[in-house]
Amino acid sequence: MTDDIVIEAGGLTKIFRDFWHRPKAKAVNGIDFIVRRGQVFGLLGPNGSGKSTTVKMLLGLLYPSRGKLEVLGESPRKVDTKRRIGYLPEETYLYRYLTAAESLDFFGSLFNMPPSEREKRTEQLLEMVGLTSARNRPVGEFSKGMARRIGLAQALINDPELVILDEPTSGLDPIGCREVKDVIKILAERGKTVVLCSHLLADVEDVCDEVLVLYGGKVRASGTLKDMLRIEDRTRITAPRLSPEETNAVLAFLREKTGCGELTVDHPSMNLEEFFLDVVRKARESMETSGARSGGTVAEYLRQNADSAETRPKSETVLSQLAVGTQTPPQYPQGQEGGSPPPASCAPKTEVLDQLSADSVEGQKPADDDKTIAAPENTKKSSDKLKRMLNQN
């Protein structure tokens, strides 16, 4: 490994296994890439493509199943290697009761930095991320954007040689996004190496020198953005603003000639988003992935009408009857034992209690031709007691 190579991976593979050690998912499948000093390297791919697994192996949190991986010339699992790395995870994990200044001081102490150096760097980083005025506020009160800012600061507290940023602009406003991208460019100019994982392809296009596109754990495209986004079979001519007459004259001239000294000719480029989607589309046609795919139709139960009586649970219909006090009373046969029919206000409630008693016995069959539910004895007693209380009222 030469001095200018910061990360070198060859045949890098990670297989997750189940309890019986059987292969369950091949998250990373034999990928090769090199990241050089001073580069801003973009790691791209849809959800489940192997980005997070690759980052965890770079940090030494996961051990490769096969292949070679060196970070800063050493194994990423060595403690000395970790001291030279700064990491901003996708979700900012901070101690919510520490202030912004205390948080940076705490992370600096993990690297055995002297107090004077921690204080100096804390002030500089708070100024850099625009949180000087909030230095004494607990980070638990921060918005997501402010938490991302302090997270970026903690990733840089040890002045790392390699900085790994996972969705660094997530939750940031446009100004914050621009500032983060400016910081990334400054780090690269200072000879730092930055590995950037992001779904915001415009951000990647703004700062990255080289990208690696993963799908299904495999490398689907890699190289410099300038080379990958260039469309070779077309030519673009850039000129000062021309009048319609001048434009027609130039076009007529170009039909006869092959060039013009005052015109700049280069190759037009597609944007990174178009390129990324095209790579994923081609990869999807040739292979399956254990990660997320494009969504299909909406689930059947979500497409049903929520106001339809057929879609509501039976118990909900019963409770609706209890809530309505203007139900039509049931018709009782003349000469019913016990005298005249009960008051209309009690009749619906009694009917509902009968239904509740019937619904509470699941899987029972009718005992005889009058379709009376054979409820357990305790259910019958409870129902009869409630009926008597309602009839007395």
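How much space lies in the largest pocket? About 490 Å³. A pocket here is an open set of points on a 1 Å grid over the protein atoms alone, with protein on both sides within 12 Å along at least five of seven lines. Lining residues have an atom within 4 Å of a point. Grid points are joined across faces, edges and corners, and a volume is the space filled by probe spheres set on the points. Of the 17 lining residues, L59, I85, G86, Y87 and Q154 are the closest to the pocket centre. Two elements give two or more residues to this lining: β5 (85-88) and α5 (144-155). β5 gives the most, with 3 residues.

This is a predicted model, in which local features need pLDDT of at least 70 and side-chain atom pairs count only at pLDDT 80 or more, while totals for chains, interfaces and linings use all residues. Residues are numbered from 1 along each chain as its sequence is written, and side-chain values use heavy atoms, with hydrogens and water left out.

Now the overall fold. The chain has 14 helices and 11 strands. These are DSSP runs numbered from the N terminus: helices are H or I, at least four residues, and strands are E, at least two. Of the 393 residues, 35% count as buried, meaning under 20% relative accessible area with a 1.4 Å probe, protein chains only; exposed is over 50%, and partly exposed lies in between.

Next, a sheet. Three strands form an open sheet in the order β2-β1-β4, with antiparallel pairing. Strands pair if DSSP finds at least two bridges between them. β2 (23-36) and β4 (66-71) are the edge strands, each pairing on one side only. From one strand to the next, the twist averages 20°. β1 (residues 5-17) pairs with β4 over 5 bridges. E8 has E70 in β4 as its bridge partner. Helix α1 (residues 51-58) lies across β1, β2 and β4, at about 65° to β2. Axes are lines fitted to C-alpha atoms, for helices over the stretch in contact, and angles run from 0 to 180 degrees between N-to-C directions.

In soluble globular proteins, nonpolar side chains tend to be buried together. The largest nonpolar core here has 49 residues. Such a core is a set of buried Ala, Val, Leu, Ile, Met, Phe, Trp, Tyr and Cys residues joined through side-chain atoms within 4.5 Å. L44, L165, C208 and L272 have the most contacts inside it. Beyond four places in sequence, C208 touches V40, F41, G42, L196 and L225. Another core lies apart, with 24 residues, among them V6, I31, L69 and V71.

The search of the whole structure also finds 2 cavities of 30 Å³ or more. A cavity is a set of points where a 1.4 Å probe fits but cannot get out. α5 and α6 each give two or more residues to it. The largest share, 4 residues, comes from α6.

Helix α6 (residues 174-189) also holds K185. K185 is partly exposed, with a relative accessible area of 33%. Outside four places in sequence, K185 contacts R178, D206 and V207. The C-alpha atoms of K185 and V207 are separated by 6.6 Å, though the two residues are 22 apart along the chain.

Terms used
Contact means heavy atoms within 4.5 Å.
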